[in-house]
Amino acid sequence: MASNQECLLENGNPINDTREEEEEVNHHHGRTARQMSASSLRRKSDPSLANGVQNRHLKQLLVNLQVVLFGTKLSVLLPTIPLSIIAVCYGFGKPWIFALSLLAITLLAERISFLTEQISYYTGPTVGGLLNATFGNATELIIAISALSQNNIALLKYSLLGSVLSNLLLVLGTSLFCGGLANLRGEQKFDRRQANVNSLLLLLGTFCHMLPMLLRYAGDSAVAVDQTLQISRAFSIVSEVDGDEDVQEDVAEVGFWSGFSWLFVVTTITALLSEYVVGTIEDASRSWGLSVSFLSLILVPILGNAAEHAGSIIFALKNKLDISLAVSLGSATQIAMFVVPCCAVVGWIMGVNMDLNFNLIETVSFALAVITAAFALQDGTSHYVKGLVLILCYIVIGICFFVYETPLDRRERKVKRGV
């Protein structure tokens with residue numbers, strides 16, 4: 001008994017806090033921490049739409065419709081989905097299409113998480129884990145594949161890098177900052193073992209990005225391009241790892257086949273809107289006077305996962321820091337160790353030369369973000385100053401890319417000038 005107590009205290013978790021977290025986990029059977037985070041923005045649907053309907057199948061359809069479309073506080077963004085399609089059909093300005101599509105994706109990303117969670121209730125832990133790994137970062141993956149299909153590798157890399165940086169610095173930093181301010185009288189603690197595992201995986205991802213980048217400076221540039229591509233594909237096959245962990249939940253709100261049908265519909269609409277985002281981001285950049293790299297690195301990742309980001313902060317305010325860390329670190333790990341390698345492999349299949357060389361300043365930003373987050377979490381305790389430092393690091397990187405002119409931005413400037 002004494003050894004168990006020492007083990008719990010050594011990992012930064014008092015006995016009472018651990019029991020509370022175990023009760024929390026047991027209450028949420030079959031869900032990942034990221035799904036629990038997104039669920040903080042959900043609301044109970046009122047099945048009034050189906051009242052008075054006698055036909056059983058029609059009634060079930062209406063109930064599912066109400067649960068899927070209106071079972072979230074983000075349902076206020078629902079009109080942006082048809083408005084995006086109408087804007088394309090009637091030739092509205094491309095900046096409007098970009099903004100509407102991005103807002104619609106914010107809602108759809110949360111609904112994909114919800115539907116994946118519903119299906120996982122019926123499939124068991126193995127298939128449920130596979131679904132969570134596949135659809136946990138569905139928004140990033142869909143946008144990435146859209147960029148691959150349009151051979152827009154620079155946009156793809158910036159959006160994925162932006163997702164990692166926003167999770168590691170902005171989301172984690174805001175969670176630590178808000179949680180620290182809300183719990184000033186007590187010290188927030190978390191399980192540092194899981195934080196260390198995610199940090200090590202992210203350091204592995206840093207190695208896989210730095211070596212192809214350094215290879216470009218090590219020899220003949222013409223030969224190095226081909227070698228970088230080959231080594232990137234090898235690293236991508238080796239390093240695909242799922243960094244999310246299962247937590248647990250109660251009862252499904254949507255049937256198994258209904259969940260699959262809705263997931264197909266929502267994913268298809270997300271893919272369509274992702275095509276709009278990728279196809280109009282350069283026009284939005286020229287219209288708003290912001291660089292493409294800044295939009296894809298800062299704006300797209302923040303809005304694309306706004307639901308789970310908000311949920312992470314809410315859990316930190318409730319002193320459930322382990323869930324917040326599982327969301328931010330788990331998401332960053334999944335993108336770095338699953339989505340990026342997947343994109344390299346899919347690009348290989350499509351005949352697109354997608355490598356892991358994110359260029360010098362981008363790779364250094366990634367490495368510094370990983371190291372800074374690892375240092376902030378090394379002792380298993382939290383303080384609002386740690387969160388503030390991470391937020392400031394994100395702001396510094398944002399300013400850097402706001403000012404710095406990337407090759408993608410130089411190309412856009414030439415297009416704008418008509419060169």
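The following exercises, each with a worked solution, concern the predicted model shown above.

Residues are numbered from 1 along each chain as its sequence is written, and side-chain values use heavy atoms, with hydrogens and water left out. Since this is a predicted model, local features need pLDDT of at least 70 and side-chain atom pairs count only at pLDDT 80 or more, whereas totals for chains, interfaces and linings use all residues.

**Exercise 1. Overall make-up**

Task: state how many helices and strands the protein has, and what percentage of its residues count as buried.

Solution. Begin with the secondary structure, taking helices (H or I, at least four residues) and strands (E, at least two) as DSSP runs numbered from the N terminus; the protein then has 17 helices and 2 strands. Next, apply the accessibility classes, in which buried means under 20% relative accessible area, exposed over 50% and partly exposed in between, with a 1.4 Å probe and protein chains only; of the 419 residues, 52% count as buried. Finally, turn to contacts, defined as heavy atoms within 4.5 Å: among those in the protein with a separation of 6 or more, 84% come from residues 24 or more positions apart.

**Exercise 2. The packing of α9 and α15**

Task: describe how helix α9 and helix α15 pack, and say which residues of each make the contact.

Solution. Two packed helices are described by the angle between their axes and the distance between the axes. The axes are lines fitted to C-alpha atoms, for helices over the stretch in contact, and angles run from 0 to 180 degrees between N-to-C directions. For α9 (residues 192-215) and α15 (residues 360-376) the angle is about 160 degrees, and the axes are 10 Å apart. Angles under 35 degrees count as roughly parallel, over 145 as roughly antiparallel, 65 to 115 as roughly perpendicular and the rest as oblique; α9 and α15 are therefore roughly antiparallel to each other. Their crossing is left-handed, a term that applies if the near helix is turned anticlockwise from the far one by less than a right angle. On the α9 side the contact is made by Ser199, Leu202, Leu203, Gly205, Thr206, His209, Met210 and Met213, and on the α15 side by Leu360, Thr363, Phe366, Ala367, Val370 and Ala374. Sorted by class, this contact has 9 nonpolar, 5 polar and no charged residues, where Ala, Val, Leu, Ile, Met, Phe, Trp, Tyr, Cys and Pro count as nonpolar, Asp, Glu, Lys and Arg as charged, and the others, Gly among them, as polar.

**Exercise 3. Salt bridges**

Task: give the number of salt bridges, and work out whether aspartate 355 is buried or exposed.

Solution. A salt bridge is a side-chain nitrogen of Lys or Arg within 4 Å of a carboxyl oxygen of Asp or Glu, and by this rule the count comes to 6. One of them joins aspartate 355 to lysine 157, at 2.6 Å from N to O. This pair links distant parts of the chain, 198 residues apart, with aspartate 355 in the loop between α14 (321-350) and α15 and lysine 157 in helix α8 (residues 153-182). Aspartate 355 is buried, having a relative accessible area of 10%, and lysine 157 is buried at 13%. Another salt bridge forms between arginine 111 and glutamate 110, whose closest N and O atoms are 2.7 Å apart; arginine 111 is buried at 3%, and glutamate 110 counts as buried at 1%. Aspartate 379 forms a salt bridge with lysine 386, at 2.8 Å between the closest N and O atoms, and aspartate 379 counts as partly exposed at 37% relative accessibility. Lys94, Asp283 and Arg286 are linked in a network of salt bridges.

**Exercise 4. Positive phi**

Task: locate asparagine 151 and asparagine 319, and give the phi of each.

Solution. Most residues other than glycine have a negative phi. Asparagine 151, in the loop between α7 (138-149) and α8, has a positive phi near 55 degrees, and this residue is exposed, with a relative accessible area of 53%. Asparagine 319, in the loop between α13 (306-317) and α14, has a positive phi of about 65 degrees, and counts as partly exposed at 39% relative accessibility.

**Exercise 5. A glycine in α8**

Task: say which residues glycine 180 touches, not counting residues up to four places away in sequence.

Solution. Glycine 180 is found in helix α8 and is buried, with a relative accessible area of 9%. With those sequence neighbours left out, glycine 180 touches Gln188 and Tyr384. The C-alpha atoms of glycine 180 and leucine 388 are separated by 10.0 Å, although the two residues are 208 residues apart along the chain.
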